[in-house]
Amino acid sequence: MIEDQVVDNLKLNLAMIKEIKSKPLFSFLLGNTSLFSQNERLIIGKTTGKLAITKKLAVRTFGFTNSLSGQVTLPGSDIDVEVGDNVSIDLWNISQGNPVSLYCKEIEFQQRTKGNSALKEKALVDHMEHGFYSFQATKAGTYLYYSPENYPFNLQAGMFGLIIVRSKEIDSLYYKPWNEILWCSNEIDTTWHSEDMMRITSDHTGEPINLPDYKPNYFLINGKKAIKNKGLQALEYKKDTVFLRLANSGLYRHEIVFPAEARLQLISGNEINIVNLPRGYKVKLHPGECFELLVFLENVADDEHVVYKFIDTNSNKCCNEANIPVFY
């Protein structure tokens, strides 16, 4: 009986060792003794970047990258994990004097010291300093994180990214999407991105900053003009399901109207913001809001479009409308 128990314990220990070896090891651990996998991420905050809007126009941006040589993109450095993961983030601020921090409305970050002790009060991360954050991924979904300093300037300037928390494979959806797409939309007011404005906001000492009225003149999806988006699905795969992640990282409300023949299944997001229209469905994305949808396109005509609208939340006026082909 004792020998059988020893053999069983040995088998269990070998199984645990095998599981642990199959997962990456990191130098900065959270001190959690559970068997949840550990994820460590380096995020670098920059105030020097360029975003090409057109062939002749590039604007200066702030942003997040995961390497010193990495170019600023919109959205910035992503955090892609699974439910149950313990996540640690090393935020390295090289933003030329502008203190920054990380914030996510739906996820509570725990700020820590380099020695992994929890900070009692949240602190800004100064120029060339490191700030350490951690959280446990408890709920699948797509979430926007950003630097809340100088709000809304830092956000509008490009200091934002996405946290994607995936369900574990055993909890995966019945419909296996062939294509997973992210549409992260925002607006650009080039006046806010002028060299003078960028210098003032990156060098400021905490005094209030007078920002000009927000009048965006470019409307983007994934850092490119919305109208240039190629579409949702390759025509040859129109019978396959699309897993669509929507994120509004702008200051306007974004409304996406799908063709009447398209079917939507909500995975995560506020269902009251999905409106059933006589001719299709409309999804309303308020600033900072994210959605996950399964989109079924089998019955959609080959020449149909998705309409992407950017709505001024103060005047309720549509300032830009992009017709995006469903199929490419």
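In this predicted model, the charged end of Lys230 sits over the ring of Tyr328, at 4.4 Å from the ring centre. A second contact of this kind involves Arg263, which lies over the face of Phe296. Here the distance to the ring centre is 4.4 Å.

Together with Trp178 and Tyr237, Tyr328 makes a nonpolar surface patch of about 300 Å². Tyr237 is found in the loop between β14 (224–225) and β15. The relative accessible area of Tyr237 is 31%, so this residue counts as partly exposed.

Aromatic pairing was searched across the whole structure, and 12 pairs were found. One of them joins Tyr214 and Tyr252. Their rings are 5.7 Å apart, centre to centre, with 80 degrees between the planes. The geometry is therefore edge-to-face, since the angle is over 60 degrees. This pair links distant parts of the chain, 38 residues apart. Tyr214 lies in the loop between α3 (195–203) and β13 (218–221). Tyr252 lies in the loop between β15 (242–248) and β16 (253–258). Both tyrosines, Tyr214 and Tyr252, are buried.

Tyr308 and Phe310 form another aromatic pair, in this case tilted. Tyr308 is buried, as is Phe310.

The Tyr214 and Tyr252 rings also belong to an aromatic cluster.

Note on methods. Residues numbered from 1 in each chain as written. Predicted model: local features only at pLDDT ≥ 70, side-chain atom pairs only at ≥ 80, totals over all residues. Heavy atoms only, no water. Phe/Tyr/Trp six-rings, centres within 6.5 Å; stacked < 30°, edge-to-face > 60°. Helix = DSSP H or I, 4+ residues; strand = E, 2+ residues; numbered from the N terminus. Buried < 20%, exposed > 50% of the residue type's maximum accessible area, 1.4 Å probe, protein only. Lys NZ or Arg CZ within 6 Å of the ring centre and 35° of its normal. Patch = residues over 30% accessible without salt bridge, like charges linked within 9 Å, V, L, I, M, F, W, Y side chains within 5 Å. Areas by Shrake-Rupley, 256 points an atom, 1.4 Å probe, with all protein chains shown as cover. Salt bridge = Lys/Arg side-chain N within 4 Å of Asp/Glu carboxyl O.
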